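Subject: Structure for you to look at

Hello,

Here is the structure I said I would pass on. My notes follow below it.

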Amino acid sequence: MGSPAPPDVPTPVRGCHTLGTDAPTRAHGETMSAQPGPQENATVTTGWQDQSQQPQRDQSANTPITDSEIRRATSLVQRVITMFGEKVIGQENLRTALISTLLAGGHVLLESVPGLAKTTAAGTLAKAVSGSFHRIQCTPDLMPNDIVGTQIFNYSTNEFSTQLGPVHANFVLLDEINRSSAKTQSAMLEAMQERQTSIGGEIFPLPTPFMTLATQNPIEEEGTYVLPEAQMDRFLMKEVVTYPAPNEEVDILDLVSSPKYGRPVEHEPISLDDVLFLQQLVGRVYVDLSVKQYIVALINTTRGGGPRPLPNFTQHVRVGASPRGGIALMRVAQAVAIQEGRTYVVPDDVKKLRHPVLRHRLVRTYDALANNVAPESLIDAVFATVPTP
């Protein structure tokens, strides 16, 4: 199946208050309640959920997942994993983070030195699900209109026409996001949070599903702009990509030197409707009350509280995870459960991707930064002290 072309100009939503690209971003409120289980009827609205799909999710929230649905989900996920493995050698943590973020309907921040297949992984994921893919190279002179789009005046008709920017795609790769200015970074907040862009006072919805993959280089600081904490918190996960093992690098050289390198993938990708099915299925995964209380205890412990406060923890962490961090832990745990072929969440699902979910949500103190206290070690200390249900 070929990748569907993004729509030229979606029908704008008129008569709404809009947020210009030069205006400061507004506060994003959240309605948070427990994930619906068999005995509950609740609504979960998060910053990374597609609001246009929310009513459909609510209607099926209390419907138990059938065996046929979980078998279909397992088959779809396996097809994505197979296609991913044809282009990317190793990097299992990266693959798990990308697929989990996609199933949970969020955005991911990838950090690593150059040359570790971040761009290749993003493009492969888009092809594996038949989604449109646009890459944006962030530079200091990149302007908000270069991302969201602009209006062009037609002298022959004396009218303005709207030219949509590259953000209007199912998958958008923001390469070296920390090289763009704060003004340009803020233009992405509306797209990531509201799944829409504002051009000339009109609102244009983004394609569904929509996922942002941003990369940044941790070793190059000249000409970069540090991402603000508020924007970092919008990313569902932050995955730190490491070097492959020596045997995996040998496999990479074999792949590059083989005749199949550069050819299209052999397996048939899944469709965007399949992705929406998986995302809706994730919202129906059962989360027991004890698991929700476990997540809340973890989040409160990162703030210096919790059932068993860690002594001197505030000497290392100035600000702990917000309620959005707890929602992220639950949503990612639900996505992990689907990948494991289960219809319910177990505590190990919460633990599996704890580092990518929480490492960018803890604001360390100056002493912790000076002593090179890794956020992963702080997260492990929190999970070690909170009793597992």
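The model is predicted, so local features need pLDDT of at least 70 and side-chain atom pairs count only at pLDDT 80 or more, while totals for chains, interfaces and linings use all residues. Residues are numbered from 1 along each chain as its sequence is written, and side-chain values use heavy atoms, with hydrogens and water left out.

Around Arg364

Arg364 belongs to strand S11 (residues 363-364); helices (H or I, at least four residues) and strands (E, at least two) are DSSP runs, numbered from the N terminus. Arg364 is partly exposed, at 25% relative accessibility. The cut-offs are under 20% relative accessible area for buried, over 50% for exposed, and partly exposed in between (1.4 Å probe, protein chains only). Contact means heavy atoms within 4.5 Å. Beyond its neighbours within four places in sequence, Arg364 touches His316, Val317, Arg318, Leu369, Val373, Ala374, Pro375 and Leu378. His316 is 48 residues away along the chain, yet its C-alpha atom is 5.6 Å from that of Arg364.

Two of those contacts, Pro375 and Leu378, are among the buried residues of helix H15 (residues 375-385), together with Ile379, Val382, Phe383 and Thr385. The buried residues of H15 pack against helix H10 (289-302), strand S10 (317-319), helix H12 (347-352), helix H13 (354-358) and S11.

Strand S5

Five of the five residues of S5 (residues 171-175) are buried, so this strand is largely enclosed by the rest of the structure. In a regular strand the side chains alternate between the two faces of the sheet. In S5, Phe171, Leu173 and Asp175 point one way, and Val172 and Leu174 the other.

Strands count as paired if DSSP finds at least two bridges between them. S5 pairs in the parallel sense with strand S2 (residues 133-137) over five bridges, and Val172 is the bridge partner of His134. S5 also runs parallel to strand S8 (residues 211-216), with four bridges; there, Leu174 is partnered by Ala214.

Strand S3

Phe153 lies in strand S3 (residues 149-154). Which is it, buried or partly exposed? Phe153 is partly exposed, with a relative accessible area of 31%.

Regards
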